[in-house]
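Please work through the exercises below with the sequence and the model at hand. Each task is followed by a solution in steps.

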Amino acid sequence: MASGSHDKKLETARRLLEETSPAEAEQLPSLPSGFYDAFVLKGIRVVQALQPGTLLCHFTVPSRLLNSGGFLHGGATASLVDLVASAAFTTAGLRTRGSPLEMNISYLDAAFADEEIDIEAKVLRAGKAVGVAVVELKKKSGKIIAQARYSKYLGAASSKL
């Protein structure tokens, strides 16, 4: 893949995830807009697309996303998995307007307020209509917080239904 094309796809992923207002999100090519997405995404930073279909982000856990136990809420984790995996599909040049089909998350450790974590998504396979990715949330020590397998309808160009 040409470097210019790779840079453009990384910039699209960055625009989808970083500091995007709901009005700006409506003009971007793939992710849904709305209060909750902005609520979850505020503070995420795209570090790099290691290769097409692989995306690394940093995220500082805000107190607004903690559960009653004082650690990152499972629903917020699921939202981060959905959004970062969707952005990883864009780094591979794929459409992501479709809906998630399945998400399986293993919660292995806790992340606390103001803790810096890494979120890495990797596209395993993308067909004409369905894509599959894996996502890991890790502490800076390398300890895994959550591991997810994610499938998404990619929005085929045409449908004969």
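This is a predicted model: local features need pLDDT of at least 70, side-chain atom pairs count only at pLDDT 80 or more; totals for chains, interfaces and linings use all residues.

Residues are numbered from 1 along each chain as its sequence is written, and side-chain values use heavy atoms, with hydrogens and water left out.

**Exercise 1. Describe the protein chain as a whole.**

Step 1. Helices (H or I, at least four residues) and strands (E, at least two) are taken as DSSP runs, numbered from the N terminus. The protein chain contains four helices and six strands, and their order along the sequence is α-α-α-β-β-α-β-β-β-β.

Step 2. Buried means under 20% relative accessible area, exposed over 50%, and partly exposed in between (1.4 Å probe, protein chains only). By this rule, 43% of the 161 residues of the protein chain are buried.

Step 3. A contact means heavy atoms within 4.5 Å. Among contacts in the protein chain with a separation of 6 or more, 66% are between residues 24 or more positions apart.

Step 4. Accessible areas come from the Shrake-Rupley method with a 1.4 Å probe; for residues, only the protein chains shown count as cover. The protein chain has an accessible surface of about 8,300 Å², and carbon and sulfur atoms contribute 52% of that surface.

**Exercise 2. Characterise helix 4 and the side chains of Ser86 and Thr90, which lie in it.**

Step 1. Helix 4 covers residues 74–91, 18 residues in number, and spans 26 Å from first to last C-alpha, close to the expected 26 Å. The expected span is 1.5 Å times one less than the number of residues.

Step 2. Because 16 of its 18 residues are buried, helix 4 is largely enclosed by the rest of the structure.

Step 3. Ser86 is buried at 0% relative accessibility, and a polar atom of the Ser86 side chain lies 2.9 Å from the backbone oxygen of Asp82. Thr90 is buried at 7%, and a polar atom of the Thr90 side chain lies 2.5 Å from the backbone oxygen of Ala87.

Step 4. Just after helix 4, Gly93 adopts a positive phi of about 80°.

**Exercise 3. Which residues form a nonpolar patch on the surface?**

Step 1. Patches consist of residues with over 30% relative accessible area and no salt bridge; like charges are joined within 9 Å, and nonpolar side chains (Val, Leu, Ile, Met, Phe, Trp, Tyr) within 5 Å. A salt bridge is a side-chain nitrogen of Lys or Arg within 4 Å of a carboxyl oxygen of Asp or Glu.

Step 2. The patch consists of Leu101, Val130 and Tyr153, which together have about 250 Å² of accessible area.

Step 3. Val130 lies in strand 5 (residues 130–139) and is partly exposed, with a relative accessible area of 35%.

Note on methods:
A polar contact is a pair of N or O atoms within 3.5 Å; within protein, one must be able to donate a hydrogen and the other to accept it, and residues adjacent in sequence count only if both atoms are side-chain atoms.
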